[in-house]
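Subject: Structure handover and notes

Dear colleague,

Here is the structure I said I would pass on. My notes come after it.

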Amino acid sequence: MFKRVKLGITLLILLFLLGILMAACNSETTDPEPEEPEETEEPAETDESEEEPADEGPQMGGTLTGAMDTAPAGVFNPIFYQEAYEANILDFTHEGLVSQNEELGFEPNLAKEWTINEDQTEITLKLEEGVTWHDGEPFTAEDVVFTYKAISSPGYVEAGGIRTDYAVRLLGYEAFNSGETDEFEGVVAEDDLTVTFKFAEPNVTILKDVSFSIIPEHIFGDVPIAEIPSHPATLNAGEVIGTGPFQFTEMLEREQYVLTKHADYWNGEPYLDQIVWRVVDQSVMLGLLENGEIDFIADPNGVPAADFETVEALDHVKIIEQTDFGYQLMGFKMNHRTDADVESGALNPDNWVPNEDMSVQLIRQAMAYAIDRQAIVDNLLYGHGSVINAPVAQQFWAYDESATTAYEYDPEKANALLDEAGYVDTNDDGFRETPDGEEWIVNLNYPTGNKLREASAPILAQFLEAVGIKIDLRQPKEMTAYVEELTNDNTDWDLYLIGWSLGSGDPDPSGLWKSDAAYNFGRWNNPDSDQLMLDAMKAPEAFEQSYREEKYSEWQGLFSEDLPAVLLYAQNKIYGFNERLNGVNPMPYSFNNDPHLWWVSE
Amino acid sequence: MYKYIIRRVLVFIPMLFALTVIVFGLALLAPGDALTGQSLADPNVDPEVYEQQREALGLNDPIPVQYFRWISAAVQGDFGNSMVFNGRSVAELIEARFANTLYLGLFSLAITIIVAIPIGIYSARHPYSLLDYGATGFGFFGLSIPNFFFGLMAIYFLSIKLGWFPAQGTMSTPGLTGWEAFFNRLHHMFLPGITLGLAGTATYMRYMRSEVLDVLGSDYIRTARAKGMSERNVLYKHTLRNALIPIITLMGFEIGVLLSGAVITEQVFQYPGLGTLFLSSVTNRDYPVVMAIAMILGVLILIGNLLADIFYSIVDPRIRYD
């Protein structure tokens, strides 16, 4: 009896201790941030807009809640962040000198005007006056110099940085980056509000290169590059400083991220008081959007296509649908590398070994005709996507559908092409044999992770078997293991599935399709294609966009004829938001555009 | 007894050492590394960048070299930095989640014990009564319903439709303190707590019922009753202590299981705990995090079993260690 009472008491004590522990932990970890008082009292301007009789003008104040399905990794620094979830915070807090408009052209942002010299080796930008950092310090040309110096400095990559692409073309990058000199010549502050970028060679993508988000020198100026990723001003809410319309003020790690308005924002005081990001499981998101707990679902994943109709049926939710900057493809392993090259990591097209069958152009084209891509879009994506024929994002000026072959679903034609290539069914087993009369089996490899892509693999296999190609549909592999095998291609792979999410800065496809590009997983080796891509980036002709357009059309035509990959579909982004949110104006590449103009009507 | 405990604790050391070798070997033998997956996210990033980072992180070194580097830091308490959560120390990543997992684990264990043991005893004492049938039905329901489904149903009805409980996370806003934070957390813990505790409750209830039934039918209980002992004493002094032994064994394992986090429950409720971190670290090949969590779990499971063995001797005086 006594023992039992003791057990009960022990249990109670345990529970009690648990309680204290929890309470104690909290008071330690989350000291309440002093609410900035100047923001809570809304002065005259509020009244003005409220007095306007019911004509729905923008109102000051209010809080907006957005949802994302995965928590950001937590590196809130433009020079070190890596993923789209962190970008969802940084889009509000940091800005670049120039930004992209709806046509993907560059327009003034922190820089109000610029001049570019004749041979496009120098650009001088005049900065906006009166821009302040979230902590009240003035924004100057020194901050710009510092930011580019940071991503050029030795040890940046080793510390985890991956944004060197913005700096590599700067004058003196090599010497500075290798530590040969302390002199950084690439970016020079002419005076407080004037900054000049100098490039080693004439630069075709000069405006893209100056568009990188700027970080404050007065915070990071004395911090060694290796320590920036773990610096409090990179990791902690309230200490992350940018020039953007909102400041990242509070966080409940992996659950909630609070952005509070930057009242002194140079482009006008934001209407909203706060934007709260909540991390919400994909399966619960729609329920919370429906009952009003969250106001918008946007980047990076948006509303799943399968739920489009459910969301559309909600009275208080609006939908914006736009094309995504990416596509899914079924690639052909046209060549394999030798064991020695894989071992040494060399990408030398001269050593490549052609993959029998897959290196035959007719076979590749036949497979493209055999697949009903429109049916995949209609059924798998519920129509919320498009069939594309060139590996350039459709939003770009460079995309040219007319230069390509459409490869409409045509099994007859597929059969004819296969017959022509000499692959015919000689033993009447329903499947074709190789021209030598041997059994012909094509393997199809794909990764897990993207549900739609996983679902597309067996469908593709069915389409191909329908024209008599025997497919060995391999077990799907977990992404990391898959990429390893995809890269080290001294294997027997024939077909592979992969998706790319492209940048919005410039349409140049050479990073994915040039023969010596690491991401050219099909090991497509076509000298004409390489030449066209080089030409399209060659100064000074390429300063003219129309010249580049021409070259890219030619290249897209070549791509679609030689067909190193069948482009399966480009998915649409579906943004859903509560109608109380006004002033939304998504850019082709992001929902998070001009949030200082967002406002809520109660 | 103390000697026994010390001996057991000393045995932990080689066991944990073996664990590090096995887990490290498996983690590094898996194809790909922490940068393989990242490298596909943005085709504008030069792959050479990842090659440089690999070199800097030492991922190109032979596995024994990497193991030696890891273990010599680890024995000094330094578990290094995550390779995926750029720049964040493993200790810091685990710290926050460990607390969350601990609260949730203890909360659901408490629910389990408070609900399962009394009902189990009642069912055994009144077998084939209405409540016994009800409890049996509940038991099968609890065991057979998948966690994520129950979680989603709970969210749908109790949170979205009725608004009684919050659906996601551990707190409603950042910056709560004191008792307010405590009750807010408790409120948030309710749904994930019962979801996580459901299967355990059902299991314990069934065990308790059959154990008590079993013991009640034994000779020494008949003797106790025959010598005129009150039914209360029969139950608490003789029956319960014997019936609890298998439950204690179960609980010894349960500590490790609960603290390893419940991946599915954590996911559905977006409750940031060790389970989801462990899973994502394994898929991302973030081996410093994988190793640290594996070590924590190893230690906890060993301790759980040791505690179970110690409790045996308290509950059952026949069991002695020396």
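This is a predicted model: local features need pLDDT of at least 70, side-chain atom pairs count only at pLDDT 80 or more; totals for chains, interfaces and linings use all residues.

Overall build of chain A

Chain A contains 20 helices and 22 strands. Its radius of gyration is 28 Å, close to the 25 Å that the globule rule gives for 602 residues, so chain A is as compact as a globular protein of that length. The C-alpha trace of chain A spans about 85 × 85 × 60 Å along its principal axes. Of its 602 residues, 55% count as buried.

One contact between separate stretches of chain A is that of Ala306(A) and Leu381(A), which are 75 residues apart in sequence but 7.2 Å apart in space, C-alpha to C-alpha. Ala306(A) sits in the loop between strand E11 (296-297) and helix H11 (308-312), and at 46% relative accessibility it counts as partly exposed.

Salt bridges

Over all chains, the search of the whole structure gives 31 salt bridges.

Which residue of chain A does Arg88(B) pair with? The partner is Glu253(A), with the closest N and O atoms 2.7 Å apart. Arg88(B) is in the loop between helix H4 (63-74) and helix H5 (90-125) of chain B, while Glu253(A) is in the loop between strand E8 (246-252) and strand E9 (256-261) of chain A, so the pair joins two chains. The two ends fall into separate accessibility classes: Arg88(B) counts as buried at 5% relative accessibility, and Glu253(A) is partly exposed at 27%.

Within chain A, Lys333(A) forms a salt bridge with Asp489(A), and the closest N and O atoms are 3.3 Å apart. This pair links distant parts of the chain, 156 residues apart: Lys333(A) lies in the loop between strand E13 (326-332) and strand E14 (335-336), and Asp489(A) in the loop between helix H17 (479-487) and strand E19 (495-501). Both Lys333(A) and Asp489(A) are buried.

Within chain B, the side chains of Asp132(B) and Arg209(B) meet in a salt bridge at 2.8 Å, N to O. Here too distant parts of the chain are linked, with Asp132(B) in helix H6 (residues 130-144) and Arg209(B) in helix H8 (residues 178-216), 77 residues apart. Asp132(B) counts as buried at 1% relative accessibility, and Arg209(B) is buried at 12%. As for the network, salt bridges that share partners join Asp165(A), Arg169(A), Lys208(A) and Asp209(A).

Surface patches

Chain A carries a negative surface patch, with Glu118(A), Asp119(A), Glu122(A), Glu142(A) and Glu217(A) among its residues. Glu217(A) belongs to helix H8 (residues 217-220) of chain A. It is partly exposed, with a relative accessible area of 32%.

Chain B has a nonpolar patch on the surface, formed by Phe148(B), Phe149(B), Met153(B), Tyr156(B), Phe157(B), Val263(B), Ile264(B) and Leu279(B), with about 710 Å² of accessible area together. The most comes from H7(B), with five residues. Phe157(B) is found in helix H7 and is partly exposed, with a relative accessible area of 44%.

Backbone details

Where are the cis peptide bonds described here? One joins Asp299(A) and Pro300(A), with omega about -5°. Pro300(A) is in the loop between E11 and H11 of chain A, and Ala306(A) is also placed between E11 and H11. Another cis bond joins Ala539(A) and Pro540(A), again with omega about -5°. Pro540(A) lies in the loop between helix H19 (527-536) and helix H20 (545-562) of chain A.

Two residues other than glycine have a positive phi. For Tyr407(A), phi is about 50°. Tyr407(A) is in the loop between strand E16 (385-386) and helix H15 (411-420) of chain A, and it is buried, with a relative accessible area of 6%. For Gln270(B), phi is near 45°. Gln270(B) is in the loop between H11 and helix H12 (274-284) of chain B, and is buried as well, with a relative accessible area of 11%.

Regards

Definitions and conventions. Residues are numbered from 1 along each chain as its sequence is written. Chains are lettered from A and ligands numbered from 1 in the order in which they are written. Side-chain values use heavy atoms; hydrogens and water are left out. Patches are made of residues with over 30% relative accessible area and no salt bridge: like charges are joined within 9 Å, nonpolar side chains (Val, Leu, Ile, Met, Phe, Trp, Tyr) within 5 Å. Accessible areas come from the Shrake-Rupley method with a 1.4 Å probe; for residues, only the protein chains shown count as cover. A salt bridge is a side-chain nitrogen of Lys or Arg within 4 Å of a carboxyl oxygen of Asp or Glu. Lys and Arg count as positive and Asp and Glu as negative; His and the chain ends are not counted. The place of a charge is taken as NZ of Lys, CZ of Arg, CG of Asp or CD of Glu. Helices (H or I, at least four residues) and strands (E, at least two) are DSSP runs, numbered from the N terminus. Buried means under 20% relative accessible area, exposed over 50%, partly exposed in between (1.4 Å probe, protein chains only). The radius of gyration is taken over C-alpha atoms; the globule rule is 2.2 Å times the number of residues to the power 0.38.
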